[in-house]
Amino acid sequence: MTKSTNLRSLAAQLIERVIDKGESLSAVLPAAQKKVSDKDGALVQELCFGVLRTLPQLEAVIGKLMARPLNGKQRVLHYLIMVGIYQLLYTRVPPHAALAETVAGAEALKRANLKGLINGVLRQFQRQQEELIAEVDQQPQRYLHPTWLLQRLQKAWPENWQQIVEANNQRPPMWLRVNRQHHSRDSWLALLNESGKSAVADDTAPDALRLETPAPVGQLPGFADGWVTVQDLSAQRCALLLAPENGEQILDLCAAPGGKTTHILEIAPQAQVMAVDVDAQRLTRVNENLQRLNMQAEVKQGDGRTPEAWCGDRQFDRILLDAPCSATGVVRRHPDIKWLRRDRDIAELAALQRDILEAVWTHLKPGGTLLYATCSVLPDENEAQITAFLTRHADARAEALPGGKTSGLQVFPTVEGGDGFFYAKLVKAH
């Protein structure tokens, strides 16, 4: 692509691939960003994330502006109009530029005959914006979540669902983990302050800092040398709760992209760590992270349901199982989850989690610890999963976690805090 790439049409095509073809944004966005400058790539990301975050509101607005939606071969223009409305509502792009570039996007998509239609719809939106948004904000669409997920959250968490939804609809904070092998949190924070940036510490994780303003990793002191890693606050608690020790045999299962693997090695650099994931492509990220932090781990591709295939009869002192899940606790980082997940997926995921948990339990040494974690806020994948496991296994004991129950600790996403996460600590009888 050349410098004259129309970024609005590029965003519309990516959104179409997510919504209509079920592709994940994290799978399709990076390749598109490589074809444009860093600055333009950041704008494409903002447009895609923003539209996916506010999709029901944009759909409702278009429904009021157009007698019938654009479908079939013209469907991509429906998403182009969304990109236009999103810019007018939520970005600092001057309205005249947002309008002109979005209309030009029709030409880039070889639909020049529909430029007039797009121009007309967007201008009508500008004229009626306040009235339209006021109308839409009276409807269930204002929560910006699919009905099935909203209903599950309301049922599971009658006191907390609005807080969860509110946090899901925000831009995510940028959390960092200071590598204690290089610096204390305070000494690295001093280096960060010298570079003109500021960050806030958190009591629940001794290495965690939240940047006041997100920044490219290249601007973080010593990032290339492994002094600091980007990792959410709640994700950092996994290795802390696992409490690895030097000399132990440790399994990090479902390990990609490797943030928890490297955290385990920062806490216990002399531990023997095996990092396993079913996805070969994502394992390259594990190796890259280990390399940047100058660490060693045994990295293997394997399915958690068949551990004998990748570890034989090997036994581990500690196992971190960051189980595959609905990812309903990290919606703010991956807004496409709301539109890619289906209600029926939850039972399938719970069955998969159960199979992995059963299979890997046999590889935990007597007296060993397994930390079960998900980035979900749905009880079927979390508390219910652990309660059922404990019923089946007389040799398993749950250790209460600070602030949680014996069946685990559920944390909700908060606007400036960590993502939604669940943890349960299981100890095997001697």
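Strands β1 (residues 175–178) and β3 (residues 208–211) run antiparallel and are joined by three bridges; strands here are DSSP E runs of at least two residues and helices are H or I runs of at least four, numbered from the N terminus. Within this pair, L176 has L209 of β3 as its bridge partner. The model is a predicted one, in which local features need pLDDT of at least 70 and side-chain atom pairs count only at pLDDT 80 or more, while totals for chains, interfaces and linings use all residues. Residues are numbered from 1 along each chain as its sequence is written, and side-chain values use heavy atoms, with hydrogens and water left out.

The open sheet has four strands in the order β2-β3-β1-β4, with antiparallel pairing (two strands pair if DSSP finds at least two bridges between them). Its edges are β2 (199–201) and β4 (228–230), each pairing on one side only.

An unreviewed UniProt entry annotates C375 as "active site"; positions follow the numbering used here, feature names are shortened, and annotations may be inferred rather than shown by experiment. C375 sits in the loop between β9 (364–374) and α17 (383–392). Why is C375 counted as buried? Its relative accessibility is 16%, and buried means under 20% relative accessible area (1.4 Å probe, protein chains only).

Notes:
Buried < 20%, exposed > 50% of the residue type's maximum accessible area, 1.4 Å probe, protein only.
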